[in-house]
Structures are given as structure tokens and as C-alpha cells.
Amino acid sequence: MAKKKKTSTEQVIRSTEPQGINLDHRKKKQILENIVHGIFLLLGLIAVGCVLLITVYLFISGIPAIHKIGIVDFLFGREWASTAADPKYGILPFILTSIYGTAGAVILGVPIGFMTSVYLSKIASPRVKSVMQSAVSLLAGIPSVVYGLVGMLVLVPGIRKVFNVPDGAGLLAAIIVLAIMILPSIIKMSVTALDAVPKEYEDASLALGATPIETYFRVSVPAAKSGIAAAVVLGVGRAIGEAMAVMMVAGNVPNMPDSLFQSVRFLTTTVASEMAYSSGLQRQALFSVALVLFMFIMLINATLNFFLKRDGNK
Amino acid sequence: MGSIISVKDMCLWYGNYQALKDLNIEIPEMSITALIGPSGCGKSTFLKTLNRMNDLIPGVKISGGIYYEGTDIFSNEVDVSHLRKEIGMVFQHPNPFPMSIYNNVAYGPRTHGIKSKVQLDEIVEQALRDAAIWDEVKDRLKKNALGISGGQQQRLCIARALAIQPKVLLMDEPTSALDPISTSRIEDLIMELKKKYTIVIVTHNMQQAVRVSDYTAFFLLGELVEFGKTDDIFSQPKDKRTEDYITGRFG
Ligand SMILES: Nc1ncnc2c1ncn2[C@@H]1O[C@H](COP(=O)(O)OP(=O)(O)OP(=O)(O)O)[C@@H](O)[C@H]1O
Ligand SMILES: [Mg+2]
């Protein structure tokens, strides 16, 4: 934008020079320039406007229910019975489920994703790397309903058999599905960060007699740590915002998540599964749930920005 | 004076391209050998072969032999880590790790199993002193090494290489990225280091070769044209091509 401004001021200066014939032409050109400039600005503002609109709307529609229910009862109430005669709107089960589910996915997914990215970036031959990277991209492109479907048909019965529990749908199934879903973003971003480590660092380490593996873990990974941390945060964001797949494998019952096999419901799935038939305070409370989710995502985004900025400043 | 490294009929190919042809050279111990020659003649390639850094490049083929203290460095019994501990390397561009000055120097000793803090402190200080940078950085050992000047970074890299107590130090144009003052400090340092180490240095700067080195090897298109005492090479070169090169008639 700054650049455009400069050229247009240049044109203004030049067009005040007495050049006769070209004057009209220049003026027309400048008007056109300004129009195009305006269109770009407008298009850019659409995205910003959407974010603002959603934020404001969420706050306006999310706060009344919190006010009526009371913030403590809402956030820390252990019972959610939105359609009962005496309705209860405590979302602690959802908050904890979302946190546990995300944490579980991270504990499971990050080591796998991290090791895979070290392998892809540093060890794999170019051919293996390109094949595996396209596989990872494909994994990223699979719609979440398909993850849910496969989870339902394979994972849930599998968990039932392996752990000998009455129902395989629950927290563990959701954690596993989420772990797989966050793999692509973690791998892709970590590989980018590791690929960007200057080869000179690695050469220096090898020339000091370190083995390649020592070099990757003591030089390359520390040098890429901001990028890898950002990758993890991105994975967390993806996990906490996922609704469809977890709805299909988690059992979707508003229980406290006190066991890995408990049927549970996430913040996202609460909204998704009740919105269609909700009314009154229940509906308002769902907006409040969405608001809480939104706050989580904002927090994660701020963390992500922090890591990326720190990387950029180096 | 005895030789510490002897190269016998060594050829090197990058894929189909032959970069080094039938090299025979004896690197004298406790002295400074300069490698000179026009760009692309294989100086860096030769240097990297001596500590087997070329192993890392796909498609490299080597024939002939290189003997370090009598042992063939390409034989299966040789541990590459150990070889690189004996034959250290300083690169053309200063490349300290993005970590503290202390950790940069301690990296090598730690790699080779030294864990005691007291011992590490001692090694780090000695290496920094030997590299003539101790006084400049002693108060900020915990600071990131990327925050010091280019000349200091290069001396830090020398310190890092010295910290594993190599016997031979390979230097690939160590001053080409530096200003004249840093350059002359590093030249002084190199001449000081000669007392304890064998040094092989690549340089494009004829004055530098004359100033610091005892022996000079002139490379051309992958061949060793002439090797001898620096004084002889620069005062009465035997080969016409050497004479043309050092008098600046080509290259
Ligand atoms: N990794 C590589 N793959 C293929 N060819 C290479 C590789 N590295 C070097 N070469 C080629 O080998 C030849 C010698 O290169 P080398 O880097 O050893 O030259 P040099 O004498 O160090 O040159 P300079 O003075 O410019 O540093 C050059 O022709 C170069 O193109
Ligand atoms: Mg070179």
C-alpha cells in the first residue's frame, strides 16, 4: 500500500508539471489507479469485518446466559441438563473434556509428529521424503467426517475389544482421532522449520566429531525450536476446534471425563449437537459455550503469534 | 620435518565430474601449509576430503589413499568421529551455533564425553584464550554467539575447533568474510597456533599465503601443480603456470 501511495504522489507531482498533451491521460490513469486501490482495500476489509462481526456477535449473544446462570455456576457447574424440567447449565464437563482431549492428542501426536519431521527433514532420502510428504498432505485434506466415520467403524470396536469395555466410544477414541488429525499440521510446520536450519550449523557440528543423530538433536532441533513450538500450538488449535469427528467417536454424553472410556462431550460438539432444537436460555447458553471456545482459540492464537514473532525477530 | 598426513594418488569425482586428479602430497607436521589456486580448482574439495566431510555429499567417489599418522582414513576401522576430533575444521563463513558463547565452545568437548562443569570451564577458557578472544567475551559467555562481530565469531569458531584439542586444523578461507583488522588478528593467531597444531589453510590472498605459511601448494583444475617451501614457490616457481598465477597473470 505504501508503495502505491508513493507512485500516486509521484504522478501528482509530475502531472502538475506543464506537459500539455499527456495531462489528461495521466489524470485518467490516476483515477483508475485509485479505484483499483479502493477495490483491494474493500476486499481486504471483508475478512477483517467478518472477524469483528463474529467477535462482537458472540459477545453480545454469549454474555446474557452467563449473566443469568452466573459465571461461577456456568463455568464450574458439573452438571449439564439443558432439557430437564429443572435445567442445569454447568459446562465444566465440556471444558475439561476439551482440555483433556486436546492434551491427550498432543501427548500422543506431538512425539510422533516431531520424530516424523526430524526423519523427513534430515534423514529420509529425497524420494522417500517426497512420497511421505504427499501422504501427509493427503492426511491434511481428508474431511473430518471421514476421520469420524473410520473412527466409528474401526477404532471404537477396536477399543471395545482390546480394553474389554462395554462401549468403545469415549474420550480415548476421541484422543486417538484428534492425535491423527493434528499430525499433518505438526509435521508440515516442523519440517519447514527444520529445513530452514542453515546447513552450516550442521556442518560445524559434524566437523567437531558429532554423529549425524547427535547433530540433529543438539543443533538442528534447538535452532528450529520456535517453529516446532508454533507447530505444536497450531495442532492444539486444530484439536480444540474440531467438532465433527469427535462427535462421532466420543459418545457425546455430557459426563465428567473421569475415565478414558467415559462417553464425553466437547465444547464444540455441545453446540453442534444441541443448536438445532434449542430454545430460550438453552440456546443462549450454547452461545456462551461458543464464546468460551472462542476465548480458548484466541488464547492459542496469541501464543502462536508469540512464537512466530520471536522466530521472525531472530 | 615429518609429515602428518600423506596423500597418495588420490582422485575424487562428484558424480561424473572429476574434481581432483592424482594428488600426491605430504603435509608437514607443526607447520602451516597454504593451498592456493584459482576458483573451482578443488582447494575446498581437497580440504574437506582430509576430515572426510565429503562423505556427506551424495555421489562422491574417491580413489587412492590418505594416511593420517600412517592410518588410511578411508579404512573400515577408522571412526569418523574420532578422525574429525583429530582433524578440526574452520569454515569460510563464521558459523557459530545459535547458542551461548560458552555452549559453542563446550559443544565439542561435551560431544566427546566431558561432563564435569569444572573441566568444561577450564577447556572453554583455554580455548578462548588460545583463539585470542577471551578478553573480549569473558564477561558475556552466556550471551548468544550470534550477537558478536563477524571477526569475533570467526575467532570463536577457531576456539570451538581448538576445544577438542585436534592435532590438525583445516581452515577454508577463514578471513575472506572479514575486515583487514580482524584478518590481521586471525593471521597473528594462526602463526601463534603453529606451535601446537598443524595447519592447512586455503587462501585467495597471495600476501596472506606469503605472510603466514611455511609451505604452499598450488592447485589448478584439480591437479597439484607445485608444492614446496613458500619462500621457494614465491621467489622461484619451477612451473610456468605457478609463476603466471602468483604474479597475477591469470586466475
Ligand atoms: N557438491 C558438489 N557437487 C558437484 N560438484 C562440486 C561440488 N562441490 C564442488 N564441486 C565442483 O568441484 C570443483 C572444485 O570445487 P571447490 O569448491 O573445491 O573449488 P575451490 O578451489 O574451493 O574454489 P573456490 O576458490 O571458489 O572456493 C568445482 O568445479 C565445483 O564446481
Ligand atoms: Mg573453496
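**The open sheet of chain B**

In this predicted model, begin by selecting the six strands of chain B that form an open sheet, which follow the order S6-S7-S8-S3-S9-S10. The pairing within this sheet is mixed. Next, colour S6 and strand S10 (223-229) of chain B, which stand at the edges. Each of these two has a single partner strand, so one side of each is left without a neighbour in the sheet. Look then at how the strands are set against each other: neighbouring strands of this sheet are turned by 15° on average, with direction ignored.

**Inside the sheet: S3 and S9**

Select residues 32-36 of chain B, which make up strand S3, together with residues 215-220 of chain B, which make up strand S9. These two strands pair in the parallel sense, over four bridges. Which residue of S9(B) stands opposite B:Ile36? Display the side chains, and B:Phe218 will be found in that position. As a general point to bear in mind while side chains are shown, those of a regular strand alternate between the two faces of the sheet.

**A helix across the sheet**

**The hairpin of S1 and S2**

Move to strand S1 (residues 3-14) and strand S2 (residues 17-28) of chain B, which pair in the antiparallel sense over eight bridges. Within this pair, B:Val7 has B:Ile25 in S2(B) as its bridge partner. S1(B) and S2(B) form a hairpin with two residues between them. Select B:Gly15 in the turn, where phi is positive, at about 60°.

**Where chain B meets chain A**

Finally, show both chains. Here 22 residues of chain B are in contact with 16 residues of chain A. The two chains bury about 1500 Å² between them, and 66% of this area is on carbon and sulfur atoms. Which elements of chain B give two or more residues to the side that touches chain A? Select helix H2 (80-86), strand S6 (87-90), helix H3 (101-111) and helix H6 (150-162) of chain B. H3(B) gives the most, with four residues. Colouring this side of chain B by residue type shows 13 nonpolar, six polar and three charged residues. Between chain B and chain A the count of salt bridges is zero, whereas six residue pairs are in polar contact across the interface, both residues at pLDDT 80 or more.

Definitions and conventions:
Residues are numbered from 1 along each chain as its sequence is written. Chains are lettered from A and ligands numbered from 1 in the order in which they are written. This is a predicted model: local features need pLDDT of at least 70, side-chain atom pairs count only at pLDDT 80 or more; totals for chains, interfaces and linings use all residues. Side-chain values use heavy atoms; hydrogens and water are left out. Contact means heavy atoms within 4.5 Å. Buried area is the accessible area (1.4 Å probe) that two parts lose on being put together, summed over both. A salt bridge is a side-chain nitrogen of Lys or Arg within 4 Å of a carboxyl oxygen of Asp or Glu. A polar contact is a pair of N or O atoms within 3.5 Å; within protein, one must be able to donate a hydrogen and the other to accept it, and residues adjacent in sequence count only if both atoms are side-chain atoms. Ala, Val, Leu, Ile, Met, Phe, Trp, Tyr, Cys and Pro count as nonpolar, Asp, Glu, Lys and Arg as charged, and the others, Gly among them, as polar. Two strands pair if DSSP finds at least two bridges between them. Axes are lines fitted to C-alpha atoms, for helices over the stretch in contact, and angles run from 0 to 180 degrees between N-to-C directions.
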